[in-house]
Amino acid sequence: MSIARAGATRTKPQIQVSRTGVSARSAKSVAKIVAKMAAPAPALPLDQILLGDCIEQINSLPANSIDLIFADPPYNLQLEGALSRPDQSVVDAVDDDWDKFSSFSEYDKFTREWLTAVRRVMKPDATIFVIGSYHNIFRVGTILQDLGFWILNDIVWRKNNPMPNFRGRRFTNAHETMIWASKSASAKNYTFNYEALKAGNEDCQVRSDWLLPICTGGERLKDDKGRKTHPTQKPEALLARILLSASHPGDLVLDPFFGSGTTGAVARRLNRNFIGIEKDPGYFAIAQRRIEQARAQLALDRKSVV
């Protein structure tokens, strides 16, 4: 005997139906996602020099792939006419086309474009060193901040053997400035080997003024006629301090203005990987030879240790 509750109505049981197929549009979307996940990540050109425009080459690299950047961009020196010594001999100054810009706005546009490209390939906790002189470093600093970089230090490279001021109308220009910046203010885990630096500095904190000689002697690359092959070759001691300060063995260092290849030579010696970019075929060839020599010397050193 069944009893019906007052006020209750009988309802037919509902049959739940679940679809086992997907629409053609959904299938295509899923296929794209699966293919993207299965596709291997673009191979990084480790320990290679890329010949071409730095912005185009940087844009070809995968995002969030670089641990440290050292950039020695054109200084836009704005030199007018030849510079002579008191004995009337001509100073071998930087008057190459790659350092010439028609205006400050053109230089700013170039700086903004390469810094934007660089920021995309930096890992979240990567940092960048940009070196310059009073001609350009203040403009670079402004653009760095405008793009969202966070300045950690400005470092003064004091040259203990600078070129004298031949005209006697200014102070001797005895330093260059480096800006060290993180990708953003929120990047808190950037690499800074504080304890190692302090241990190598008689247990004192390393200051932001670095006294180092300019590139001379056997380190200076020269052609068959004894002329320097690159006007702004940086000393290896400068790059060694940068890499030891802000990277670990196995890290990847990018130099978008590779020049004579100092960054690559030092990176290999310190067991870091590098990617160099150089648009001048002449400098590219010089840097290639230098890297090959560095590799050969490193192999000999390791063999002798064994």
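Trainee: How many helices and strands does the secondary structure of the protein come to?

Mentor: The model here is a predicted one, and the elements are named along the chain from the N terminus. Counted in that way, the secondary structure of this protein comes to 8 helices and 8 strands.

Trainee: What percentage of the residues in the protein is buried?

Mentor: A residue counts as buried when its relative accessible area is under 20%. Applied to the 306 residues of the protein, that cut-off gives a buried share of 39%.

Trainee: And what share of the contacts with a separation of 6 or more is made by residues 24 or more positions apart?

Mentor: This value takes the contacts in the protein whose partners have a separation of 6 or more, and asks how many of them join residues 24 or more positions apart. That share comes to 75%.

Trainee: Which element gives the most residues to the largest nonpolar core?

Mentor: The largest nonpolar core has 32 residues, and those with the most contacts inside it are Ile-69, Trp-114, Ile-128 and Leu-254. Several elements give two or more residues to this core, among them β2 (66-71), β3 (122-132), β7 (252-255) and α3 (104-121). The element that gives the most, with 7 residues, is α3.

Trainee: Which residues is Trp-114 in contact with, leaving aside its neighbours within four places in sequence?

Mentor: Trp-114 is one of the residues with the most contacts inside the largest core, and its partners can be listed once the neighbours within four places in sequence are left aside. The residues that remain in contact with Trp-114 are Cys-54, Ile-55, Ile-58, Ala-71, Pro-73, Ile-128, Val-130 and Phe-257.

Trainee: Is helix α7 largely enclosed or largely open, and which elements do its buried residues pack against?

Mentor: Of the 8 residues of α7, 7 are buried, so this helix is largely enclosed by the rest of the structure. The buried residues are Thr-262, Thr-263, Gly-264, Ala-265, Val-266, Ala-267 and Arg-268. The elements that these buried residues pack against are β2, α6, β7, β8 and α8.

Trainee: Is α7 roughly parallel or roughly antiparallel to α8?

Mentor: Helix α7 (residues 262-269) and helix α8 (residues 281-305) have axes 9 Å apart and pack at an angle of about 15 degrees. Because angles under 35 degrees count as roughly parallel, this angle makes α7, relative to α8, roughly parallel.

Trainee: Which word describes the arrangement of α6 relative to α7, parallel or oblique?

Mentor: The axes of helix α6 (residues 236-246) and α7 come within 9 Å and cross at roughly 55 degrees, and α6 passes α7 in a right-handed crossing. That angle is the reason why α6, relative to α7, counts as oblique.

Trainee: How do the residues of the contact of α6 with α7 divide by class?

Mentor: In this contact Glu-236, Leu-239, Ala-240 and Leu-243 of α6 meet residues of α7 including Thr-262, Val-266 and Arg-269. By class, the residues of the contact divide into 6 nonpolar, 2 polar and 2 charged.

Trainee: Where is Asn-271, and is it exposed or partly exposed?

Mentor: Asn-271 has a positive phi of about 65 degrees although it is not a glycine, and its place is in the loop between α7 and β8. Its relative accessible area is 41%, and therefore Asn-271 counts as partly exposed.

Trainee: Is Glu-202 buried or exposed?

Mentor: Glu-202, which is not a glycine, has a positive phi of about 55 degrees, and it lies in the loop between α5 (194-199) and β6 (209-212). Its relative accessibility is 74%, so Glu-202 counts as exposed.

Notes: Residues are numbered from 1 along each chain as its sequence is written. This is a predicted model: local features need pLDDT of at least 70, side-chain atom pairs count only at pLDDT 80 or more; totals for chains, interfaces and linings use all residues. Side-chain values use heavy atoms; hydrogens and water are left out. A nonpolar core is a set of buried Ala, Val, Leu, Ile, Met, Phe, Trp, Tyr and Cys residues joined through side-chain atoms within 4.5 Å. Buried means under 20% relative accessible area, exposed over 50%, partly exposed in between (1.4 Å probe, protein chains only). Helices (H or I, at least four residues) and strands (E, at least two) are DSSP runs, numbered from the N terminus. Contact means heavy atoms within 4.5 Å. Axes are lines fitted to C-alpha atoms, for helices over the stretch in contact, and angles run from 0 to 180 degrees between N-to-C directions. Angles under 35 degrees count as roughly parallel, over 145 as roughly antiparallel, 65 to 115 as roughly perpendicular and the rest as oblique. A crossing is left-handed if the near helix is turned anticlockwise from the far one by less than a right angle, and right-handed if clockwise. Ala, Val, Leu, Ile, Met, Phe, Trp, Tyr, Cys and Pro count as nonpolar, Asp, Glu, Lys and Arg as charged, and the others, Gly among them, as polar.
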